[in-house]
Amino acid sequence: MKAYRGQPEIFAARQEKDRYADLEIRDLSLNFGGVKALTNIDLKVRNGELYAVIGPNGAGKTSLMNCITGFYKPKSGRIIFNDRDITRMHAHNLVKIGIGRTFQNIELFPGMTVLANMLLARHLYCRYSFPGAGLYLPSVRREEVRHRRLIEELIDFLEIQAIRNKNVASLPYGLMKRVELGRALALEPRLLVLDEPFAGMTLEEKEDMVRFITEINEVWGQTIVLVEHDMAIVMSISHRIAVLNFGEMIAEGTADEIGRHPEVIRAYLG
Ligand SMILES: Nc1ncnc2c1ncn2[C@@H]1O[C@H](COP(=O)(O)OP(=O)(O)O)[C@@H](O)[C@H]1O
Ligand SMILES: [Mg+2]
């Protein structure tokens, strides 16, 4: 893997075994009353991959991400992460075993600064116990120093130094999305799940986001599952793409394969 100046040291130091991610979805179905949000979904995301899920509005993309990250429980089927069945695990436990995400409708803590939002993500996930934290033991102090260093490295990487002390609610939309990416990365995820990271952005903001996401994937070796409806972006950055339509996976393959898939052209490209 090529060395890159901008890669946070803490991420560069991660061992392969500490960032390994391997996701398998087996025959997954999810209903809301009479609505079939997902029907018999099968897919595998390999370690190091940038895997995209596309499809029209209401196709089930967010529902699938919510199943992977523990926010929805499927009706049937299995989700296996690094050989572990995580189908029934809760969202906060999934964060602890390495599944970090961003949300389609940004979920930052309003009224708090960029820095505070990112630090809070670390603390919610921190390893030390409360008694230790109360006594402020040396091990806790070391951990605290590491939290701060990692956040500073992420702030540098994402080029958000200028807004680190700004209230997140005061930021333009594109920058909020960038802070949310920072917050998800602060969890040091093995698998990073991004739900429409480019939505609502200007062209320039999208270009910046593409740059960050491809660097995180290619240079850091971060495994990513990304939901997007902008076909052009997905085609240019993804290793493989799954296409959902009315809760069913109608195609999966490389950008080339998806681009000439007759059912995709009919259902999605119109
Ligand atoms: N919490 C929910 N309650 C009821 N219906 C839902 C819920 N979440 C999603 N749905 C329904 O599931 C279908 C898929 O939605 P969603 O996963 O948000 O699609 P996408 O992200 O591809 O636009 C839609 O018909 C949507 O209305
Ligand atoms: Mg969605």
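Which residue in S2 is the bridge partner of Leu 23? Keep that in mind as you click through this predicted model.

**Stop 1: the hairpin**

Select residues 23–32 for strand S1 and residues 35–45 for strand S2. The two run antiparallel and are joined by seven bridges. Now pick Leu 23 and look across to S2: its bridge partner there is Val 45. Next, go to the turn of the hairpin, where two residues sit between the strands.

**Stop 2**

For a landmark, pick Glu 24 and find Ile 80, its bridge partner in S4.

**Stop 3: the six-stranded sheet**

Now for another sheet. Colour its strands in the order S6-S7-S8-S3-S9-S10 and you have an open sheet of six with mixed pairing. At the edges are S6 (99–102) and S10 (248–253); each has a single partner strand, so one side of each lacks a neighbour in the sheet. On average, neighbouring strands here are turned by 15 degrees against each other, ignoring direction.

Zoom in on residues 50–54 (strand S3) and residues 240–245 (strand S9). Four bridges link S3 and S9, and the pairing is parallel. Tyr 51 is a handy place to start, with Arg 240 as its bridge partner in S9.

**Stop 4: helices on the sheet**

Bring in helix H9, residues 203–218. H9 packs on the sheet and touches S3, S7 and S8 (223–227), with its direction at about 150 degrees to that of S8. Then show helix H8, residues 173–185. H8 lies across S6 and S7 (191–195), and runs at about 155 degrees to S7.

**Stop 5: where H8 meets H9**

How far apart are the axes of H8 and H9? They are 10 Å apart, and the helices pack at an angle of about 15 degrees. Angles under 35 degrees count as roughly parallel, so that is the label for H8 and H9. H8 passes H9 in a right-handed crossing.

Finally, show the side chains at the contact. From H8, select Gly 174, Lys 177, Arg 178, Leu 181 and Leu 185. They meet Glu 205, Asp 208, Met 209, Phe 212 and Ile 216 in H9. Colour this contact by class and you'll get five nonpolar, one polar and four charged residues.

Technical notes:
Residues numbered from 1 in each chain as written. Chains lettered and ligands numbered in written order. Predicted model: local features only at pLDDT ≥ 70, side-chain atom pairs only at ≥ 80, totals over all residues. Heavy atoms only, no water. Axes fitted to C-alpha atoms, helices over the stretch in contact; angles between N-to-C directions. Parallel < 35°, antiparallel > 145°, perpendicular 65-115°, else oblique. Left-handed = near helix turned anticlockwise from the far one by under 90°. Contact = heavy atoms within 4.5 Å. Nonpolar A, V, L, I, M, F, W, Y, C, P; charged D, E, K, R; others polar. Pairing = 2+ DSSP bridges.
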